Amino acid sequence: MTTVAIMQPYFVPYAGYFRLFAAADLFIIYDCVQFPRRGWVHRNRLPDRTGRPAWLTLPVAKAPREATIDALTLRDDFDAQLDLQRRRFPTLASSTADEILAAPRGSLVTFLAATLTQIARMLNVGCETIRSSTLGVAPHLRGQDRILAIVEAVGGKRYVNAPGGRHLYDAATFERRGVRLDFLSPFEDADGFSVLHRLVTEGPDRLGHDVRRQTRLS
C-alpha cells in the first residue's frame with residue numbers, strides 16, 4: 001500500500017512536521033496553492049537572546065497576492081538579509097544551522113524543499129519527495145477534492161495527515177475513492193520552536209528518536 005503525505009513546505013517547521021516523512025512512502029510538497037502570507041511557509045519561531053520566541057523570516061521577493069507558493073522567488077539580497085536576522089538567535093551560530101541554511105537559492109520552494117529533505121535525512125525519517133505542481137492537477141479543484149486528485153495522481157492508497165486536519169476531510173469520501181484516511185496523534189513538544197533549535201540543542205540522533213517514537217496514528 002502506497003502511503004502518501006501532503007503538506008505545504010514550511011520553513012524549518014516544528015519537529016512534529018517530520019512525522020509525515022516517517023509515516024509515508026511519498027511526501028508531496030504542496031506548492032500549487034496560494035502562498036499564505038501570515039503562515040509558516042517563509043518564517044518560523046526560535047528563541048532570541050532573551051529566550052523569548054521571535055520570528056526568523058526568509059527574504060522573499062514581492063509577488064501578487066494571489067501568487068502560488070511555486071511562483072515565489074527569493075530576494076536578490078537574500079543572503080545579506082538572512083545573515084542579519086540570524087544574529088538575533090544564538091542557536092543559529094552553529095555548523096548545523098550553516099549546513100541547513102546553505103540550501104540552493106532561486107525559487108522559494110527550491111530552497112524549502114532542500115531544507116526539508118535534508119532535515120528529514122538528518123533525523124533518519126527520509127522518504128521519496130515530489131512537488132504537487134509537477135502533477136498537472138486540475139486548477140479548479142479545491143480542498144479535499146484537490147488532495148484526493150493528488151493522491152490518485154501518484155497511485156496512493158493511503159493518505160496520512162497531521163492531527164490538525166481532521167475537520168478538513170471526510171473518511172467516507174476517501175473510502176469511496178479507494179483511499180484510506182489516517183491521522184497522526186498530537187505531537188508532544190515542550191516549546192514548539194523550529195526544528196532548527198532542537199537540532200542544535202539536542203542533536204539529530206536524539207531528536208530523530210523522538211520524532212519516530214511519536215509517529216503514531218490515532
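Strand 3 (residues 43-47) and strand 4 run antiparallel and are joined by five bridges; two strands are taken to pair if DSSP finds at least two bridges between them. Helices (H or I, at least four residues) and strands (E, at least two) are DSSP runs, numbered from the N terminus. Within this pairing, Arg43 has Thr57 of strand 4 as its bridge partner. Five residues lie between the strands of the hairpin formed by strand 3 and strand 4, and Gly51 there adopts a positive phi near 90 degrees. Strand 4 (residues 53-57) has a covered face made of Ala54 and Leu56, and an uncovered face made of Pro53, Trp55 and Thr57. In a regular strand the side chains alternate between the two faces of the sheet.

The model is predicted: local features need pLDDT of at least 70 and side-chain atom pairs count only at pLDDT 80 or more, whereas totals for chains, interfaces and linings use all residues. Residues are numbered from 1 along each chain as its sequence is written, and side-chain values use heavy atoms, with hydrogens and water left out.

An open sheet of five strands has the order 5-2-1-6-7, with parallel pairing. Its edge strands are strand 5 and strand 7 (180-183), each of which pairs on one side only. From one strand to the next the twist averages 25 degrees, where axes are lines fitted to C-alpha atoms, for helices over the stretch in contact, and angles run from 0 to 180 degrees between N-to-C directions.

Strand 2 is joined to strand 1 by four bridges, in parallel, and Ile6 stands opposite Ile28 of strand 2. Four bridges also link strand 2 to strand 5 (residues 128-131), again parallel; here Leu26 has Glu128 of strand 5 as its bridge partner. Both faces of strand 2 (residues 26-29) are covered, with Leu26 and Ile28 on one side and Phe27 and Ile29 on the other, all of them buried. Buried means under 20% relative accessible area, exposed over 50%, and partly exposed in between (1.4 Å probe, protein chains only). Strand 6 and strand 7 pair in the parallel sense over four bridges, and Tyr159 stands opposite Leu181 in strand 7.

**Pockets**

On a 1 Å grid over the protein atoms alone, a pocket is an open set of points where a 1.4 Å probe fits, with protein on both sides within 12 Å along at least five of seven lines; lining residues have an atom within 4 Å of a point. Grid points are joined across faces, edges and corners, and a volume is the space filled by probe spheres set on the points.

| Largest | about 480 Å³ | Gln8, Tyr30, Val33, Gly143 and Arg146 |

The largest pocket is lined by 25 residues. Strand 1 (3-7), helix 5 (143-153) and strand 6 (158-161) each supply at least two residues of this lining, and helix 5 gives the most, with four. By class, the lining holds 14 nonpolar, eight polar and three charged residues. Ala, Val, Leu, Ile, Met, Phe, Trp, Tyr, Cys and Pro count as nonpolar, Asp, Glu, Lys and Arg as charged, and the others, Gly among them, as polar.

**Individual residues**

Most residues other than glycine have a negative phi. Val12, although not a glycine, has a positive phi of about 30 degrees. Val12 lies in the loop between strand 1 and helix 1 (19-23) and, at 0% relative accessibility, counts as buried. Asn124 likewise is not a glycine and has a positive phi, of about 60 degrees. The loop between helix 4 (108-122) and strand 5 holds Asn124, which is exposed, with a relative accessible area of 57%.

Ser94 is placed in the loop between helix 2 (78-86) and helix 3 (95-101). With a relative accessible area of 15%, Ser94 is buried, and a polar atom of its side chain lies 3.2 Å from the backbone oxygen of Thr91.

Arg213 belongs to helix 8 (residues 204-213) and is partly exposed, at 44% relative accessibility. The side chains of Arg213 and Asp210 make a polar contact at 2.6 Å. A polar contact is a pair of N or O atoms within 3.5 Å; within protein, one must be able to donate a hydrogen and the other to accept it, and residues adjacent in sequence count only if both atoms are side-chain atoms.
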